[in-house]
Amino acid sequence: MSSRRSRTPRVIAAVSALLLPVAGCSLLEPGTTPTGLTTGDTKPPAGTTGLERFYAQDLDWGGCQGSDGECATLEVPMDYEDPDGQTIEIAVLRVEAKGEAAGSLVVNPGGPGGSGVDYAAAADFIVSDQIRRHFDVVGFDPRGVGRSHPVDCLSDADMDDYLAKDPTPDTPEEKSAGERAQKEFADGCKDKTGELLGHVSTADAARDMDVLRAALGDGKLTYLGKSYGTYLGATYAHLFPDRAGRMVLDGVLPPDATSEEVAIGQAKGFDTATRAWAQDCVDDDCPLGSSVDEVVERVQSQLEELDEQPLPASAGIELTEGWATWGIAQAMYDQGMWSQLTDALVAADDGDGGPLSELGRAYAGRDSGGTYQNNMLEALPAVSCLDTPDGPGDPDDLVARAEEEAPIWGRALASESPCAQWPIDATNTPHEIDAEGADPILVVGTTRDPATPYEWAQRLHEQLADSALITHEGDGHTAYMRQNSCVDEAVDEFWLAGTTPDGGELTCEE
């Protein structure tokens, strides 16, 4: 499911955030209005030339198909080193404030590959009523994603086969088949996407976000980034510290993490989440076993059986070990899906792979007709393989270490990646970010987050020159607007008044 790059699970941030129908609420007084928002420069960064026309552009807002928001396109250079060369258009959506707007709140749901346009369109569910009253909610599809010149790698039918493949190859034949599939995927990305494939890094997207900030007329960036969106936000604060305003980074991916650290860290996070689901199942008279270990062992046995013999499923696919793994991963992101996962596994025990395959299709964004509704699982490696190179070690050694530290998910999350076959060298290396000179940054971490372990939030908090940390003691991926009023109120106060927790840290219980 993921890889030595191990970025794939982060894509679910976009899915889970959009599908979670949480009513907007806040404990703040209804009359609270934003104070202390500072202004900055809307001109290009000092020392750059040729970007003036991009920073000076006006957004031409118009109607949006299927949304109450307003849509526009932002013109940016494909290559910031060649601003007079080819340009691309970035899709932007704005949902205007319900009251008088104090500025824009730019949002990114994660991935890489999640659509900020779709995320912003769900403004009533992703931020509180208080924030909706006082900020325009703005999302953009990063370059290579969704409506912004999407990366394309495989046909829909070939994508079905790619996602069905064995995620835990343990024989020479299975490993060879996996390597061929990754090579075909990487070659397809180059052939179908062309020159843009070398310009979809997080640093490129962060530069686009600064052009967007200026086009919106905001002197500083007010921001919500979830999951991979924290990596994007931290990169922005590193590149443009004097333009980084009230930024919330929820569910942290630390920019200094190596591909090996990400693979093992996420595997451990998914192990923790899986055992939490199993305990919840046992507490409710679990049909899969009477103890956590029994439940986990039963699921692992099911996956081994699917490796040998897939089950009939639905929507034109079989339930292979690969599709089942995607489906289980989907449920780990949100404890609200745990009972659905249990039912799906029981159905698979009875020979019906349909329910579990439906969870897998939800992960992949594939509809029942065989069409992929987004390109998240193609954009994700395209961005990730530029952001962080594979380590120099033996891949088999990484798998062994991952299995030792994360017995449930280690092999799956350390075995599979196209990055070793990628046709373009990485343009970045992992590095610490202190964002010296930026306004205070609010970091949020969840203690049993499956995809972005809590330790990563602590890690970034310690690196940043000026930050505060909210600890959400609970389950699920990310914390803001996930039914915890303590988290929601603290985040809202930060955006509205620049207030951070006393002593720089706050713990919110489930």
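Predicted model: local features only at pLDDT ≥ 70, side-chain atom pairs only at ≥ 80, totals over all residues.
Ten strands, written as 10 in the count, form an open sheet with mixed pairing, and their order across the sheet is β1-β2-β3-β5-β4-β6-β7-β10-β11-β12. The strands at the edges are β1 (62-64) and β12 (505-509), and because each has a single partner strand, one side of each is left without a neighbour in the sheet. From one strand to the next the twist averages 25°.

- Strand β2 (residues 67-77) and strand β3 (residues 87-95) run antiparallel, and eight bridges join the two.
- Within this pairing, Pro77 has Thr87 of β3 as its bridge partner.
- Helix α9 packs on the sheet, where α9 touches β4, β5 (135-140), β6, β7 (244-250) and β10, and the direction of α9 makes about 155° with that of β7.

**Helix α19**

- Helix α19 covers residues 485-497, which is 13 residues, and the distance from its first C-alpha to its last is 18 Å, close to the 18 Å expected at 1.5 Å a residue.
- At the start of α19, Asn484 places a side-chain oxygen within 3.1 Å of the backbone nitrogen of Cys486.
- The buried residues of the helix are Val487, Asp488, Ala490, Val491, Asp492, Phe494, Trp495 and Leu496.
- As background to such a list, an α-helix has 3.6 residues a turn, so residues three or four places apart point the same way.
- After the helix comes Gly498, whose phi is positive and lies near 70°.

**Disulfides**

- A disulfide is a covalent bond between the sulfur atoms of two cysteines.
- The count of disulfides in this model comes to five, and when the bonded cysteines of the chain are numbered in sequence order, the pairing reads 1-2, 3-4, 5-6, 7-8, 9-10.
- Cys486 is joined to Cys508 by a disulfide with an S to S distance of 2.0 Å, and because the torsion about this S-S bond is about -65°, the disulfide is left-handed.
- Since Cys486 lies in helix α19 and Cys508 in strand β12, this pair ties together parts that are 22 residues apart in sequence.
- Cys385 counts as buried at 5% relative accessibility, and Cys419 counts as buried at 12%.
- In the disulfide of Cys281 and Cys286 the sulfur atoms are 2.1 Å apart, and the torsion about the S-S bond is about 80°, so this disulfide is right-handed.
- Cys281 counts as buried because its relative accessibility is 6%, and Cys286 is buried as well, with a relative accessible area of 11%.

- The peptide bond that joins Gly111 and Pro112 is cis, with omega at about 0°, and Pro112 is found in the loop between β4 (103-108) and α3 (116-121).
- Ser227 is not a glycine, although its phi is positive at about 55°.
- The place of Ser227 is the loop between β6 (221-226) and α9 (228-239), and Ser227 counts as buried because its relative accessibility is 0%.
- Ala435 also has a positive phi, near 50°, in a residue other than glycine.
- Ala435 lies in the loop between α17 (410-415) and β10 (441-448), and at 6% relative accessibility, which is under the 20% that sets the limit for burial, Ala435 counts as buried.

Key. Residues numbered from 1 in each chain as written. Heavy atoms only, no water. Helix = DSSP H or I, 4+ residues; strand = E, 2+ residues; numbered from the N terminus. Expected span 1.5 Å × (residues − 1). Buried < 20%, exposed > 50% of the residue type's maximum accessible area, 1.4 Å probe, protein only. Polar contact = N/O pair within 3.5 Å; in protein donor to acceptor, adjacent residues only side chain to side chain. Pairing = 2+ DSSP bridges. Axes fitted to C-alpha atoms, helices over the stretch in contact; angles between N-to-C directions. Contact = heavy atoms within 4.5 Å. Disulfide = S-S within 2.5 Å.
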